[in-house]
Amino acid sequence: MGKFGDTLRQEREFRGITLDNITRVTKISNRHLVALEQEHFEVLPGGVFNKSMVREYARVVGLDQEEWIGRYLSAHQSTKDVDEDGWMRFAENASKARSDSGRRSRPDQRLRWTGIGLLVLLVAGLSWFVWSYVHKKMSIGTPLHLTRSVAAVTINVHSGNYSSAPLTANRFCLSDPPLIRS
């Protein structure tokens, strides 16, 4: 334990205040207060939360808040230098590992692209099958002589004469036109 945590704990004990009292008043977790007294700053949430914990701790115990925040920052800075060296080594190793893995051909990426290609082929084959099936059903449903040319029947209502006139091919016509009689 360092000087900051020991002095903080001694000030609290000198005034007869327990950690449970501080927790009850400030709603700061008991484990965070213990971590603060033992200078295990890595357990604390970090940033402005740590400074506000120190401020509230000092307020409840009856200490000068700004002085203790300054002490916390100087104590935290000395441990932070040691931690940053470890983090820098970690970051360098992580970036090396990423660059090494980028150069290698990853089998999972090849497998992913193979799966996508097979899926596209499956969809294309299924689409062709459905189109040919529907096309075949449409061809079977209409008689062959009607698909090549269709004759329209005109009816002269007054005389009762029937005459036919050639029309363009129409695949969707009735097989026998209706007769209209009056």
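Colleague: Which residues form a nonpolar patch on the surface?

Modeller: Happy to show you, and please keep in mind that this is a predicted model. The patch consists of Leu126, Trp128, Phe129, Val130, Trp131, Tyr133, Val134 and Met138. Together they have about 920 Å² of accessible area.

Colleague: Let's step back to the whole protein. How many helices and strands does it have?

Modeller: There are 7 helices and 2 strands. Reading from the N terminus, the order is α-α-α-α-α-α-α-β-β. Of the 182 residues, 17% count as buried. The accessible surface comes to about 13900 Å², and carbon and sulfur atoms account for 60% of that.

Colleague: Now the inside. Which residues of the largest nonpolar core touch the most other members?

Modeller: That core has 21 residues, and the ones touching the most other members are Phe4, Leu8, Leu36, Phe41, Val54, Tyr57 and Trp68. Helices α1 (3-14), α2 (19-26), α3 (30-37), α4 (48-61) and α5 (65-103) each supply at least two of the core residues. The largest share, 5 residues, comes from α4.

Colleague: And Asn50, is that residue buried or exposed?

Modeller: Asn50 is buried, because its relative accessible area is 2% and the cut-off for buried is under 20%. Asn50 lies in helix α4. Leaving aside residues up to four places away in sequence, Asn50 touches Leu44, Pro45 and Tyr72.

Colleague: How should I read the salt bridges, and what is the count?

Modeller: The general idea is that side chains of opposite charge can pair when their charged atoms come close. In this structure the count is 8 salt bridges. One of them joins the side chains of Arg15 and Glu11, at 2.4 Å from N to O. Both partners count as partly exposed, with relative accessibilities of 36% for Arg15 and 25% for Glu11.

Colleague: Which residues are linked in a network of salt bridges?

Modeller: Asp6, Arg9, Arg12, Glu13 and Glu37 are. Follow Arg12 through the network. Arg12 pairs with Glu13, the closest N and O atoms being 3.9 Å apart, and also with Glu37, where that distance is 2.6 Å.

Colleague: Is Glu37 buried or exposed?

Modeller: Glu37 counts as buried at 5% relative accessibility, and Arg12 is buried at 8%. Glu13, by contrast, is partly exposed at 43%.

Definitions and conventions
Residues numbered from 1 in each chain as written. Predicted model: local features only at pLDDT ≥ 70, side-chain atom pairs only at ≥ 80, totals over all residues. Heavy atoms only, no water. Patch = residues over 30% accessible without salt bridge, like charges linked within 9 Å, V, L, I, M, F, W, Y side chains within 5 Å. Areas by Shrake-Rupley, 256 points an atom, 1.4 Å probe, with all protein chains shown as cover. Salt bridge = Lys/Arg side-chain N within 4 Å of Asp/Glu carboxyl O. Core = buried A, V, L, I, M, F, W, Y, C linked by side-chain atoms within 4.5 Å. Buried < 20%, exposed > 50% of the residue type's maximum accessible area, 1.4 Å probe, protein only. Helix = DSSP H or I, 4+ residues; strand = E, 2+ residues; numbered from the N terminus. Contact = heavy atoms within 4.5 Å.
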